[in-house]
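Thanks for taking a look at this one with me.

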Amino acid sequence: MIDKQGRNINYLRVSVTDRCNLRCIYCMPEEGIESLQHDDILRFEDILKIVKAAASLGINKVRYTGGEPLVMKDINKLIYETYKLSRIDDIAITTNGILLSDMAVDLKNAGLKRVNISLDTLNKDKFRNITRRGNLDDVLNSIEKCLTLDLKPVKINTVLMRGINDTEFIDFLNLTKEIPVEIRFIEIMPIGESIKLYEESKVNFSDILKQHTELIPIETTTKSTAQLYKLQGAKGKIGFISPISCQFCGDCNRIRLTSIGTIKPCLHSKEEINIRKYLNSEELLTIKLKSAIFNKPHEHHIKEEGASRSLKMMYQIGG
């Protein structure tokens, strides 16, 4: 569907839960959160109603996120029911990878096409410090498992933070020499818990590119949020995602569904549209969803205002 800015909106990101089995420093408070009650969260049947309505409006790409989507019971069944929808041809998840290795076969058999795995360090002690729990080996095993199952491309999301993990850039770069993954370095954003870290932790990707002239630019034929590069002879590649310093609002093709049933047309807008109350009417649900897509905001204003306008934390929206 075309919004009022002329953008083709074909991508829906669905948060199935606000719960997570990690407590990453830029996402969640160390003490954790008071999770939503079961009745507050959309049931799988409700999510499918919304995905079906979105598909009728031109959405053909769905990504399931959290919190951590794999802590939800029967997530593979949700993926399978999504796979059966004829207009959806791309199903992905974003996960921290802790549970993925044991679930990867079932997820692929259900119809999962691609995975993004969050990983901010290759150092076991630092992993513990950043996530406040969890085991790095579980994530590394999940990456290996997905490559074995040909769940490609396997993308690794790395929030690069000055003074925390920026010294590992070379380690991640060297990883692409060994395995065919796409490591996506992401700017830390001033939203939720990240606001506390933003000023002291933000990294200038332009400086990194100036220091690493060995990186070869890769042309992309599709709209991509990442600027891609690779090393000569490497099996994998890297990307830089700069939503603030090089915002890509003009090419944004996505909307988000929160686990409580609201549509966020823009990640960094305070605007949310409650469509949960229209779940009993396919016609009204489609009308409200169509309006939300058409009126998607033109752009965010983080650069001018220094913070996101979102009233929700990142774990409530989905990665």
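**Notes for a first look**

1. Let's begin with R23, which sits in the loop between β1 and α1. Keep in mind throughout that this is a predicted model. R23 has a relative accessible area of 12%, so it counts as buried, the cut-off for that being under 20%. A polar atom of the R23 side chain lies 2.8 Å from the backbone oxygen of C20. Setting aside residues up to four places away in sequence, R23 touches M28, P29, E30, G32, I130, T131, R132 and R133.

2. One of those partners, R132, deserves a stop of its own. You will find R132 in the loop between α4 (124–131) and α5. Its phi is positive, about 65°, although R132 is not a glycine. Is R132 buried or partly exposed? R132 counts as partly exposed because its relative accessibility is 27%.

3. Next comes helix α1, which covers residues 44–56. With 13 residues, α1 reaches 18 Å from its first C-alpha to its last, close to the 18 Å expected at 1.5 Å a residue. Its buried residues are F44, D46, I47, L48, I50, V51, A53, A54 and A55. What covers them includes the strands β1 (11–15), β2 (61–65) and β10 (254–257), along with the helices α2 (75–83) and α9 (282–294). Just after α1, G58 has a positive phi of about 110°.

4. How do α1 and α9 pack? Their axes are 9 Å apart and the angle is about 60°. The contact brings together K49, I50, A53, A54 and S56 of α1 with L285, T286 and L289 of α9. Sorted by class, this contact has five nonpolar, two polar and one charged residues. As for handedness, α1 passes α9 in a right-handed crossing.

5. Two peptide bonds are worth checking in the viewer. The bond from G66 to G67 is cis, with omega near 10°, and G67 belongs to the loop between β2 and α2. Another cis peptide bond joins K152 and P153, with omega about 0°. P153 is placed in the loop between α5 (136–148) and β5 (154–159).

6. The loop between α5 and β5 also holds D150. D150 has a positive phi of about 65° although it is not a glycine. With a relative accessible area of 49%, D150 is partly exposed; exposed would require over 50%.

7. Finally, have a look at K113, in the loop between α3 (100–110) and β4 (114–118). At 39% relative accessibility, K113 counts as partly exposed. Which backbone oxygen does the side chain of K113 reach? That of D89, at 2.8 Å. Leaving out neighbours within four places in sequence, the contacts of K113 are D89, D90, I91, L151 and K152. Among them is K152, the residue joined to P153 by the cis peptide bond described above. K113 and I93 are 20 residues apart in sequence, while their C-alpha atoms are 8.7 Å apart in space.

Note on methods. Residues numbered from 1 in each chain as written. Predicted model: local features only at pLDDT ≥ 70, side-chain atom pairs only at ≥ 80, totals over all residues. Heavy atoms only, no water. Helix = DSSP H or I, 4+ residues; strand = E, 2+ residues; numbered from the N terminus. Buried < 20%, exposed > 50% of the residue type's maximum accessible area, 1.4 Å probe, protein only. Contact = heavy atoms within 4.5 Å. Polar contact = N/O pair within 3.5 Å; in protein donor to acceptor, adjacent residues only side chain to side chain. Expected span 1.5 Å × (residues − 1). Axes fitted to C-alpha atoms, helices over the stretch in contact; angles between N-to-C directions. Left-handed = near helix turned anticlockwise from the far one by under 90°. Nonpolar A, V, L, I, M, F, W, Y, C, P; charged D, E, K, R; others polar.
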